[in-house]
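Subject: Structure for your review

Dear colleague,

Please find below the structure I promised to pass on to you. My notes on its contents follow directly after it.

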Amino acid sequence: MDTLKRRHLGMPDYSGAYQESLEPEYSEDKFYKPTRQQSGNKWLGFSKEYQDETLAFLKEYHEDIIPLALTFISFWTRFYLISFANFVVWDEAHFGKFGSHYIKREFYFDVHPPLGKMLVGLAGLLAGYNGRFSFNSGETYPDSVNYGFMRLFCASFGAWMVPLTYYTAKELAFSMQATILVTLMVLLDTAYLCISRFILLDSMLLFFTLTSVFCLTKFHNQRNDSFSLDWWLWLTLTGISIGCVSSVKWVGLLVTALVGLYTIEDLWDKFGDFHMPKSVYLKHWIARIVCLIVLPVAVYMLCFVIHFAILNHSGPGDAQMSSLFQAGLEGNDFNNNPLEVAYGSKVTIKNMGYGGGLLHSHVQKYPHGVGSEQQQVTCYHHKDSNNEWLVEKPRESPISETEIEFVNNGDTIRLLHSPTGANLHSHSVKAPITKSQWEVSCYGNDTVGDRQDYWIVEIIDDLHEKHVERMRSLTTRFRLRHKILGCYLRAANTVLPQWGFKQIEVTCDKRNNIKDPHTHWNIERHWNDKLPSAPAANYQSKFLYDFWHLNVAMYTSNNALIPDRDKEDILASTPDQWPLLTVGLRMCGWADNAIKFYLLGNPIVWWSGTASLALYAVLWLFYMVRRKRHYHVRQWNHFLYVGKVAGLGWLLHYIPFCIIGRVTYIHHYFPALYFSILMAGFLTDHLASKLTNAKVRNAIFGTFYFLITIVFLYFKDIAFGMDYPSSEMQGRKWLSSWNIAS
């Protein structure tokens, strides 16, 4: 058929002064044209009446049939051979393990919000998985793990991207040809296909990114019918979508920013509408605050409510949380703690700042040229014997052999690192990172040292008692003031370089700020054979404190994910490599007899998307010059609107990765890729609409369809799995930087 024509609908008036059709004019009688000469009343063996009825049916329902067909193909491609690799592939080692913790209800820690991982846990639960598999990278799945179902569950999110793209393009007023084009680009991109077929979070992140854009465009098209049922529906769904996408990964905040910028512009335009009553304008503000701020935050926080409710047992992530939170977990051994701390007790000391860790030391010293080069002191977020300290008196005041002496407010103490025997120490040497503060180190031993090893206990308060003079386990907040320098022991989530194992810098702060929570500490674990265990208590921390504490810890750990110059990460890539697809990623081992997957996009999709972004910038400048000369630019408001959605969306999802210092991989570009695809479809449509010859327009779109499809078929094995030597892929190594072939 020569032309596919959508129903011709007048679009909303973008300028407010005139209304224009956003579609090229097609003749209704040219919609379906026979491709070959009919002979008599028979064509392909069917009667003329049957042919007419079929064509009439297709003509009437083509806008339903096309997306249904594309959605069917989407699910088929995402599900096809999904169990082919019967081993743990790439980051399934992480997210499968997190799903296991939900099933076993063990508390764990990760840098991402919990929604996506809870969905992975749900997939495992529905698959009958018991949570016992270790998910070690490359390990073969046992028969007890229905990994195929878990992959299908995750792949379904990737499959729904196709109909979402189709209907988003419709809402953006693309022609039918352009709508099919962008849908094909999402459907047949090998990177989108490959990333969707494993137990990962990316398909969920992309799904909710697309729902956010779709709901935003639906809401935009209701702008002339404010406060109607549909207007409220799509505004609410936009808020829920950005809440969900931000609850999968913080990258979702970028599409949230897109919605926010759209909202700011929309409210600014309404501010200039002198015909709008102030009460109505105020309602617009209230509606957006409720639906686009309060509702997304509520969704985000609800995910953490569920997260904490499920993970109510002690697990590998306990040390990331406050001591009181850990005390409320089932299976912890805090009930064995003696209540009051005495001299000779062995303790672990927890920083009470948001995201705070445990006071820690190890045999490694500060490197040459860094401070005193004495033994390092850090804060660490995992349970370890190097977190243990002995509470001792000053050397001139030995501990009584017969009487138990408790640690009181105002006492001078010495903290001896239990594994190494060195003293917690500070001196007038600048800290390694925070140069305005003094360094904290470990120095000497039980008999060798000086007065720089002494610290004064300053009790702030106790969570259970109003006035306490003795230091208690878990509940007493205190500060440690250096006896000679007068500075306070502090850990403020500053991450040390690799020589400090990316742990948290501990300093001695010259400022006396009692409100600074990073100078507040509490005793978490307490051992003393001479003291009885504390009476049983029902410890319970506050949700808001735990919520904020965990998010700060996530932020701190994210900041620690920076490239290590001393180690080569062969999987990592840089943002400048992504738009031109100059890099791919091996997702597993590359042995000749192994099943292999290579994360690489469809070159036609990626290159045309990037080219369209550059072309849009040129066209925008060209049109601005013409408008300055008072030339009419057809569909100017629509050109700007789609440019803001697609162009600004791409910038918001791409530029931050060029700025941040953390390690990056090619899949970080996938949300930005979607916006470049929208731009490619829009510009092809925009330029083709200027052509008067329908056959030429069809030829342009047909060429794109053909190229995208044929290249997908040529590269499909990198997504479905290669069980042959990679040397056979040499012909597909179009760029020398692709390590697809050995």
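This is a predicted model: local features need pLDDT of at least 70, side-chain atom pairs count only at pLDDT 80 or more; totals for chains, interfaces and linings use all residues.

A residue is called buried here if its relative accessible area is under 20%, exposed if over 50%, and partly exposed in between (1.4 Å probe, protein chains only). Residues are numbered from 1 along each chain as its sequence is written, and side-chain values use heavy atoms, with hydrogens and water left out. Helices (H or I, at least four residues) and strands (E, at least two) are DSSP runs numbered from the N terminus.

Salt bridges

Side chains of opposite charge can pair when their charged atoms come close. A salt bridge is counted when a side-chain nitrogen of Lys or Arg lies within 4 Å of a carboxyl oxygen of Asp or Glu. By this rule there are 24 salt bridges.

One of them joins Glu-171 to Lys-218, with an N to O distance of 3.3 Å. This pair links distant parts of the chain: Glu-171 belongs to helix H5 (residues 161–171) and Lys-218 to helix H8 (residues 202–220), 47 residues apart. Glu-171 is buried, because its relative accessible area is 17%.

A second example is the pair Arg-414 and Asp-446, at 3.1 Å from N to O. Arg-414 is buried, with a relative accessible area of 3%, while Asp-446 is partly exposed at 39%.

Arg-479 and Glu-458 also form a salt bridge, again described by its N to O distance, 3.3 Å. Arg-479 is part of strand S11 (residues 476–482) and Glu-458 is part of strand S10, so the pair ties together parts 21 residues apart in sequence. Arg-479 has a relative accessible area of 4% and is therefore buried; Glu-458, at 19%, is buried as well.

Annotated domains

The unreviewed UniProt entry carries the annotation "domain: MIR" for residues 338–394, 404–460 and 468–526. Such positions are given in the numbering used here, feature names are shortened, and annotations may be inferred rather than shown by experiment. In the model, residues 404–460 are 0% helix and 47% strand, with end C-alpha atoms 23 Å apart. For residues 468–526 the values are 0% helix and 46% strand, with end C-alpha atoms 18 Å apart.

Cysteines

How many disulfides does the whole structure hold? The search finds one, a disulfide being a pair of cysteine sulfur atoms within 2.5 Å. The pair is Cys-487 and Cys-508, whose sulfur atoms are 2.0 Å apart. The torsion about their S-S bond is about 95°, so the disulfide is right-handed. Cys-487 lies in the loop between S11 and strand S12 (488–495) and Cys-508 in strand S13 (residues 504–509), 21 residues apart. Both Cys-487 and Cys-508 are buried.

Cys-215 is in no disulfide, as the nearest cysteine sulfur, that of Cys-244, is 10 Å away. Cys-215 is buried, with a relative accessible area of 5%. The sulfur of Cys-291 is 12 Å from the closest cysteine sulfur, in Cys-215, which is too far for a bond. Cys-291 counts as buried, at 5% relative accessibility.

Strand S5 and its neighbours

Strand S5 (residues 375–380) is mostly covered, with five of its six residues buried. Two strands are taken to pair if DSSP finds at least two bridges between them. Strand S4 (residues 358–365) runs antiparallel to S5 and is joined to it by five bridges; here Leu-359 stands opposite Cys-379 in S5. S5 and S9 are also antiparallel, with two bridges, and Gln-376 has Ser-441 in S9 as its bridge partner. S5 pairs with S13 in the antiparallel sense over two bridges, where Ile-504 in S13 is the bridge partner of Cys-379.

With kind regards
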